[in-house]
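Hi there,

Here is the structure I promised to pass on to you. Have a look at it first, and then read my notes below.

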Amino acid sequence: MPASHTFHVWKDMAYHRGPAFPSDLHRHFAVQVLLALDGSFSLRTGAHEPWRVYAAAVVPSNVWHQFDARPVLLPMVYLDPVSASTRRILGMTHGSDAFLPIAPDLAAPVARALRRAGDRPQAIR
């Protein structure tokens, strides 16, 4: 049976969970938080830029990026970059042009919560 994808949307955030896939180079307004539950993934800022490996990272708003996380389970959270809570939680300003790695000691408890929540993100919100 193929793995399923779930997508949930709230007022100031969205959540995707499913098997990872390679993306094309793209950008979007949302701040994207990626957290591998069973390995790592690669990110880069351009077609000719080097790939960098992360277990957890934040992609700021409007930053060109491409990721490849096959075959990792990679939940992704999309946050409204202009919301006060996003700016406060991430401690970042709109328009940054670099990926922000998430320290393992901060990522580990979030990864545990996401594993427990499964396809029910309301259990962690």
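This is a predicted model: local features need pLDDT of at least 70, side-chain atom pairs count only at pLDDT 80 or more; totals for chains, interfaces and linings use all residues.

Residues are numbered from 1 along each chain as its sequence is written, and side-chain values use heavy atoms, with hydrogens and water left out.

Let's start with the sheet. Here 3 strands form an open, antiparallel sheet in the order 5-4-7. Strands are DSSP runs of E with at least two residues, helices are runs of H or I with at least four, and both are numbered from the N terminus; two strands pair if DSSP finds at least two bridges between them. Strand 5 (52–54) and strand 7 (66–68) are at the edges with a single partner strand each, so one side of each has no neighbour in the sheet. Strand 4 (residues 41–44) pairs with strand 5 over 3 bridges, in the antiparallel sense. Across from Phe41 you will find Tyr54 in strand 5.

Next, take a look at Thr86, which belongs to helix 1 (residues 84–90). Thr86 has a relative accessible area of 4% and is buried (under 20% relative accessible area; exposed is over 50%, partly exposed in between, with a 1.4 Å probe and protein chains only). Val31 is 55 residues from Thr86 in sequence, yet their C-alpha atoms are 8.4 Å apart in space.

Finally, His16 sits in strand 2 (residues 13–17) and is buried too, at 11% relative accessibility.

Best wishes
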